[in-house]
Amino acid sequence: MKEIIKKIDHINFGLMSPENIRKNSVIKIVTPDTYDEDGYPIENGLMDPHLGVIDPSLKCKTCGSKGGECLGHFGSIDLARPVVHVGFADNIYKILRSVCNECGRVLLTDTEIENFKYEILMAMDNEESINEIIKRVQDAAKKDKCPHCEEKQSDIKIDKPTSINDGDYRLTASEIRDRLERITDEDALVLGVNPKVARPEWMVLTVLPVPPVTVRPSITLETGERSEDDLTHKLVDILRINQRLSENMEAGAPQLIVEDLWELLQYHVTTYFDNEASGVPPARHRSGRPLKTLAQRLKGKEGRFRSNLSGKRVNFSARTVISPDPNISINEVGVPEMIATEVTVPVHVNDWNIEELKKYILNGPEVHPGANYVIRSDDRKIRVYDDTKDSIIENIEPGWVVERHLKDGDIVLFNRQPSLHRMSMMAHEVKVLPYKTFRLNLCVCPPYNADFDGDEMNMHVFQTDESRAEAKSLMRVQEHILSPRFGGPIIGAIHDHISGAYLLTRNGSTFTEEQAFQIIRKAKLPIPKRKNPNDNPELGTNWTGKELFSLLLPEKLNLEYKGEICKNCQVCKERDCEFDSYVVIEDGELKYGALDEKAYGSFSGKILDKIVKDYGSDTAKEFLDRSTNMAISGIMKVGITTSTNDEEIPQEAQDRIQAHLDDAEENVDRHVKAYEEGELEALPGRSLEETLEMKIMQVLGEARDKSGEIAESYFAMETNHSVVMAKTGARASMLNLTQITACVGQQSVRGGRISRGYIERTLPHFRKNELGAKARGFVHSSYKSGLDPVEFFFHAMGGREGLVDTAIRTAQSGYMQRRLVNALQDLKVTENGLVQDNKGNVIQTMFGEDGVDPAKSDHGKAADLDKIIKEMRIKK
Amino acid sequence: MSEGILVHELVPKHVILENSEIKKIFKDLDFHQDQLPKIKVEDPIAKAIGAEVGNVLEITRESETAGTFVTYRLVEP
């Protein structure tokens with residue numbers, strides 16, 4: 001069985017002839033029983049040891065190999081009467097329809113036969129599909145009279161799944177077989193059956209192959225009870241009926257009884273092949289569960305192809321819940337000790353590591369840096385037990401392999417489904433930690449799209465040095481900080497890192513020397529000498545946050561950009577920005593501006609982007625690890641808290657908002673009145689109704705924005721942490737806050753105001769055809785003051801549409817991506833920039849037409865000249 | 001009609017390459033001419049410039065990423 005290597009030259013698809021089935025059969029199965037009272041397989045039964053064995057202690061009676069080595073051998077059942085094969089019922093029907101009922105010739109004239117035959121042979125020579133030709137043959141062979149014997153043809157109909165009627169008479173399987181036998185080889189070819197590999201009559205079974213026991217192993221339950229495979233059950237049924245049928249036939253039973261039994265045999269053989277064939281009630285287990293027969297084993301997502309061949313379960317992998325750990329590097333993953341002692345790394349023993357490996361073996365499989373197996377030079381695998389430990393340590397020598405536990409610093413592959421882009425699988429360094437979850441740094445949440453509400457992730461351990469080396473240089477987390485999707489960082493600071501950096505670096509944020517040293521220590525930086533201690537005499541020994549953050553920046557870094565908190569003033573005051581939003585970094589020193597999402601956040605971090613592109617991934621990883629730690633330390637020194645008090649505004653402000661919303665509503669009513677009186681003028685290309693809707697939407701949209709602005713003007717960035725989070729881009733948006741404080745605004749379904757529900761109105765609370773703001777889903781209230789029942793209902797309508805849309809969007813974009821990936825998966829870029837497919841055909845003469853790697857590009861462009869010039873100007 | 005398409009803004013510039021030029025251009029590129037993208041002889045632009053089967057056309061077109069982009073197509077029957 002082992003070590004037979006053959007090259008596949010070509011594959012022929014054909015049908016099994018009865019002779020072929022008999023030739024491949026090692027034994028004829030007759031008895032419908034499996035085991036006798038003593039538990040031994042019955043001779044000529046379904047578990048006959050000639051069919052192969054599973055138990056390693058038994059020997060196969062055909063080949064003599066032990067169980068586990070013998071692949072099994074086919075047997076056969078001689079059917080008392082022929083039976084139609086369900087899988088070919090449709091083909092049989094199509095052939096019979098195109099064939100003379102009397103003489104068995106195709107219903108085509110000799111010239112037609114000649115022409116079609118030529119076409120088919122040509123197509124076969126050119127390796128083209130003949131399906132379309134066969135279809136034309138079937139159309140041409142619809143004749144009322146046989147061109148060969150002049151016999152009138154009756155109508156052949158199929159009665160799904162296996163019965164075929166000639167007019168009103170139902171053909172028996174024997175008659176079908178007789179008719180198929182009459183077809184000449186030449187006619188068969190024209191009908192699409194290649195006589196070299198198949199004959200039409202082989203589609204009606206006279207002998208049934210019995211798969212070896214290895215295909216349908218029986219399982220022994222804990223109670224000692226034997227439970228047979230579904231296929232075995234089905235074969236027992238077939239044998240039983242087959243036996244009764246032949247007995248009845250021999251005894252000369254009446255035709256009616258024989259036909260009934262024949263029908264039953266047909267049913268069992270049909271469900272043996274396909275238990276979901278339409279028109280047949282599925283065969284059931286005693287418990288009422290439908291049996292899983294041959295077709296069900298192969299079909300669908302859980303079938304052999306998709307579940308066992310395209311996708312397989314693997315060894316050396318682990319899966320568990322993930323949780324955050326801000327104290328490990330982005331390159332690391334925390335692995336629970338329980339997993340680390342289970343998955344192993346094979347290490348080749350040599351003179352330099354033998355002592356270390358002996359220590360692992362001494363620890364055994366239970367204690368952490370231990371070993372589970374050793375593989376001797378003769379490829380024998382030995383499990384490390386307490387009893388065997390000592391002899392293994394005594395005998396171990398270079399050339400053996402030790403499967404030791406995972407330990408700190410090992411490279412593993414870490415993955416979260418759905419694996420939509422290459423950042424969904426990255427290589428991490430192991431850090432063995434207590435407890436039972438995988439731990440990951442918060443900065444790698446965006447590439448995996450992970451959160452900690454119960455997400456699970458998979459880990460795979462590399463088993464060869466080559467794979468480890470390759471993964472370390474290509475797949476390590478730090479190599480994926482830049483995303484090829486938009487040429488910016490996808491790994492970066494999130495949430496508290498961002499509000500932390502802002503609170504740390506904004507103007508007026510100072511720290512005592514002790515606090516400063518604590519922060520510096522947390523960022524794992526050496527205690528530095530202060531650069532310009534006398535710049536600001538008021539400060540004394542205190543440090544500013546900007547000074548602290550500057551410690552992280554590379555020495556020659558020069559950068560200038562507008563922060564996320566920038567208000568987009570008409571005239572930018574640049575360095576004199578009173579909002580601290582114009583960031584200037586000179587020679588690695590943060591001079592102006594507070595840091596926020598634009599500084600080092602994922603997707604938009606400019607400083608991070610520049611550091612990766614100019615200083616490389618090692619520096620960037622270091623910067624990210626340290627800066628996030630500093631930000632966390634900073635946020636803890638300042639303190640951050642939020643409550644609904646953050647969304648509180650004075651009564652005066654509420655009155656102003658109310659007045660504004662009342663105005664807007666009046667305005668809407670004016671528009672509606674103008675429309676009703678016919679004074680409204682339609683906009684070009686719009687109907688009157690559309691114009692009105694647009695105007696109302698515009699008025700209401702402005703009303704919400706304006707009320708939001710009023711509320712916003714009462715929010716102070718200095719003390720209000722909700723606002724800090726929203727404006728720095730850490731979490732939430734100003735819209736979220738104003739919806740809580742001021743006004744939720746217009747609810748929409750299908751992109752317009754709500755207009756569905758009752759006849760000509762949304763709810764019975766309104767008049768028919770009412771067009772006012774409230775009647776069409778405008779929510780005046782804020783989330784904090786609460787929605788009235790009508791508003792609540794409209795809000796639920798809009799909210800539900802949002803949920804449905806996301807569900808549909810993911811399904812649609814998933815399928816779209818699948819099609820794209822399948823079409824592009826074999827394309828590669830050659831050394832000279834050509835894009836070629838796997839046949840070598842040129843797809844593009846230069847990758848992306850410009851040859852630029854999008855991950856290394858500046859947000860999709862090869863270079864941003866304006867930016868480069870700006871940076872050069874800062875340099876002194 | 002066929003002259004018209006040559007000046008249309010959506011039709012990029014097609015030029016028939018001389019054999020010497022083909023050799024020069026493909027000298028460094030490690031692939032066979034047959035692996036190039038194809039264009040039919042009966043394609044309107046191929047007819048308009050009088051290309052024959054076996055010719056290699058140089059196509060210069062505007063590109064979103066690279067400004068202008070030069071690619072090649074093999075004329076096939």
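User: Is Cys100(A) buried or exposed?

Analyst: In this predicted model, Cys100(A) sits in the loop between α2 (89-97) and α3 (110-125) of chain A. A residue is buried if 20 or more other C-beta atoms lie within 10 Å of its own. Because Cys100(A) has 24 C-beta neighbours inside 10 Å, it counts as buried.

User: Which residues does UniProt list with Cys100(A) for "binding site", and where do they gather?

Analyst: The unreviewed UniProt entry lists Cys100(A), Cys103(A), Cys146(A) and Cys149(A) for "binding site". These residues span 50 residues in sequence, yet no two of their C-alpha atoms are more than 8.5 Å apart, so they gather at one spot.

User: How far apart are the end C-alpha atoms of helix α23 (residues 688-713) of chain A?

Analyst: At 1.5 Å a residue, the 26 residues of α23(A) should span 38 Å.

User: What covers the buried residues of α23(A)?

Analyst: The buried residues of α23(A) include Leu692(A), Ile696(A), Leu700(A) and Ala703(A). In an α-helix, residues three or four places apart point the same way, because there are 3.6 residues a turn. The cover over the buried residues of α23(A) includes α22 (651-676), α25 (734-741), β25 (745-746) and β28 (778-779) of chain A.

Methods:
Residues numbered from 1 in each chain as written. Chains lettered and ligands numbered in written order. Predicted model: local features only at pLDDT ≥ 70, side-chain atom pairs only at ≥ 80, totals over all residues. UniProt positions renumbered as here; feature names shortened; annotations may be inferred. Helix = DSSP H or I, 4+ residues; strand = E, 2+ residues; numbered from the N terminus. Buried ≥ 20, exposed ≤ 12 C-beta atoms within 10 Å, placed from the backbone. Expected span 1.5 Å × (residues − 1). Contact = placed C-beta atoms within 7 Å.
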